[in-house]
Amino acid sequence: MFSVLDMFTIGVGPSSSHTVGPMCAAQAFASSLAQSGALERTARVRVVLYGSLSLTGLGHGTDRAVLAGLEGHLPVDVDTDYVMVVREHCTDSHQLNLAGKRTVSYDDARDMVFDRWHRLAPHPNGMRFQAFDAHNNIVDEQVWYSIGGGFIRKGKAGDLLISNHEPVPEDMKLSGDAKGSSDAVDFGPDAPYPFATCDELIALCREHHLSIAELVWRNETSWQSEDEVHARLDGVWHVMRGCIDAGCTSHAKILPGGLDVPRRAPVMYERLAANSDVLRRGRRIASALESSDSAWVALFAMAVSEENAGGGRVVTAPTNGSAGIIPAVMEYYWHFVDSADEAGIECFLLTAGAIGYLFKRNASISGAEVGCQGEVGVACSMAAAGLAAVMGGTPQQVENAAEIGIEHNLGLTCDPVGGLVQIPCIERNAMAANTAINAVRMAMLGDGSHIVSLDQAIATMKQTGEDMMSKYKETSKGGLAVNVVEC
């Protein structure tokens with residue numbers, strides 16, 4: 001069963017597809033060894049990273065995430081400081097605590113392989129795990145895919161290995177959740193209002209006289225208790241707010257990774273707070289440009305994005321690379337909208353989750369698959385929908401805001417400099433957060449009628465991603481990733 005709240009998972013930076021997903025896949029592999037009884041026969045484990053994971057995995061910390069996962073850790077509660085040093089720890093000790101239960105040998109040069117020339121055909125974020133016994137015989141072998149937003153999918157050991165530049169036949173693509181895998185994103189059989197498209201969602205709202213949030217609430221509580229849903233929503237909001245606060249007050253000056261990108265959020269916060277501190281004193285009254293609503297929104301988004309880039313605790317919303325947008329717009333609602341309350345926060349998340357679900361089901365939220373339009377663009381659309389809902393928008397106005405949010409991010413490439421979630425990712429979060437708010441302004445000034453439907457925009461995003469050259473999809477082989485280095 002799929003929950004729209006799965007669009008918001010608590011994890012670690014800097015990447016949902018390159019850090020969170022691989023950690024979860026590695027943990028699943030290690031757990032399966034323990035469950036099958038193969039753990040006792042395992043003497044070492046070898047990991048091969050393919051495609052985008054191999055090309056930008058070092059910058060995204062994929063190697064560290066995998067090792068942490070093999071030791072039994074999960075993103076939701078792993079010690080983020082330990083993740084930063086786990087590879088050095090395993091390399092120096094020549095040991096790995098597999099599944100947290102068995103010490104096996106580890107040779108970094110032999111057991112952590114970045115295959116930069118190949119990818120597995122079903123998806124660009126593929127990884128192979130192999131367990132060997134003391135005689136170097138394979139005990140178990142599994143292929144896993146990180147399909148965006150921290151979601152993972154198990155493949156087959158025999159999945160076709162092809163060149164990174166070789167075109168993939170349509171029938172071999174895993175393609176996120178849009179082809180042959182809707183079972184992973186379908187509602188449970190007891191859900192009273194299942195929907196697969198935005199047109200279906202709006203029709204259900206109209207027929208049953210429900211808002212999008214009310215409809216989603218009824219679906220969620222059809223298989224889990226109201227207290228559980230409240231707790232999940234509150235947990236997401238708590239981590240988002242904590243991440244903003246941590247980013248605004250961090251004492252770290254430089255982000256890790258080698259680019260020496262300075263943290264700007266703490267300095268921005270000091271300047272804005274000197275006028276009136278929104279975070280500490282509630283709502284503010286100021287007219288200076290740098291104390292405007294948009295300046296605070298940009299700060300909120302950058303604070304989260306810098307925490308993510310530094311390997312901190314974040315909420316994938318829907319991915320780590322776009323994790324700053326929804327929290328920033330929610331903080332805008334909380335501090336700058338007089339009617340803001342806890343019920344509004346829940347309405348925001350339920351509405352945004354429904355929109356994110358539509359993108360995940362019918363296209364992709366993986367930057368390695370469709371570029372940054374699937375991350376920042378989707379988050380912008382989700383944030384616009386959530387804000388429109390809490391501002392009293394009709395389902396039609398919510399759809400309009402969501403469509404505007406993605407329409408003006410179509411074609412956005414994923415070209416991280418140095419394979420790090422820093423340039424241009426951090427500033428993109430700030431820009432998209434304010435774009436989401438502007439989308440709501442435009443939608444709320446209308447009656448909800450619009451020419452381009454959200455379903456059409458989602459289909460366009462998917463087609464654009466398929467047409468986009470691979471060098472613009474999280475490989476750091478094109479765009480800013482190349483030109484900044486060359487300059």
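Analyst: In this predicted model, helix 1 (residues 16–36) and helix 3 (residues 62–70) have axes that come within 7 Å and cross at roughly 30°. Because angles under 35 degrees count as roughly parallel, helix 1 is roughly parallel to helix 3. The crossing of these two helices is right-handed.

The residues that form the contact can be named on each side. Helix 1 contributes His18, Thr19, Pro22, Met23, Ala26, Gln27, Phe29 and Ala30. Their partners in helix 3 are Thr62, Ala65, Val66, Ala68, Gly69 and Leu70. Sorted by class, the contact of helix 1 with helix 3 comprises nine nonpolar and five polar residues, with no charged residue.

The wider setting comes from a record. An unreviewed UniProt entry carries the annotation "domain: Serine dehydratase beta chain" for residues 3–154. Within the model, the end C-alpha atoms of residues 3–154 lie 19 Å apart, and this span is 38% helix and 30% strand.

A second pair of helices may be set beside the first. The axes of helix 16 (residues 395–407) and helix 17 (residues 425–444) come within 8 Å and cross at roughly 140°; helix 16 and helix 17 are therefore oblique to each other. Their crossing is right-handed. Here Gln397, Asn400, Ala401, Ile404 and Gly405 of helix 16 make the contact with Ala439, Val440, Met442, Ala443 and Met444 of helix 17. The residues of this contact divide into seven nonpolar and three polar, and none is charged.

Key
Residues are numbered from 1 along each chain as its sequence is written. This is a predicted model: local features need pLDDT of at least 70, side-chain atom pairs count only at pLDDT 80 or more; totals for chains, interfaces and linings use all residues. Side-chain values use heavy atoms; hydrogens and water are left out. Axes are lines fitted to C-alpha atoms, for helices over the stretch in contact, and angles run from 0 to 180 degrees between N-to-C directions. Helices (H or I, at least four residues) and strands (E, at least two) are DSSP runs, numbered from the N terminus. Angles under 35 degrees count as roughly parallel, over 145 as roughly antiparallel, 65 to 115 as roughly perpendicular and the rest as oblique. A crossing is left-handed if the near helix is turned anticlockwise from the far one by less than a right angle, and right-handed if clockwise. Contact means heavy atoms within 4.5 Å. Ala, Val, Leu, Ile, Met, Phe, Trp, Tyr, Cys and Pro count as nonpolar, Asp, Glu, Lys and Arg as charged, and the others, Gly among them, as polar. UniProt positions are given in the numbering used here, feature names are shortened, and annotations may be inferred rather than shown by experiment.
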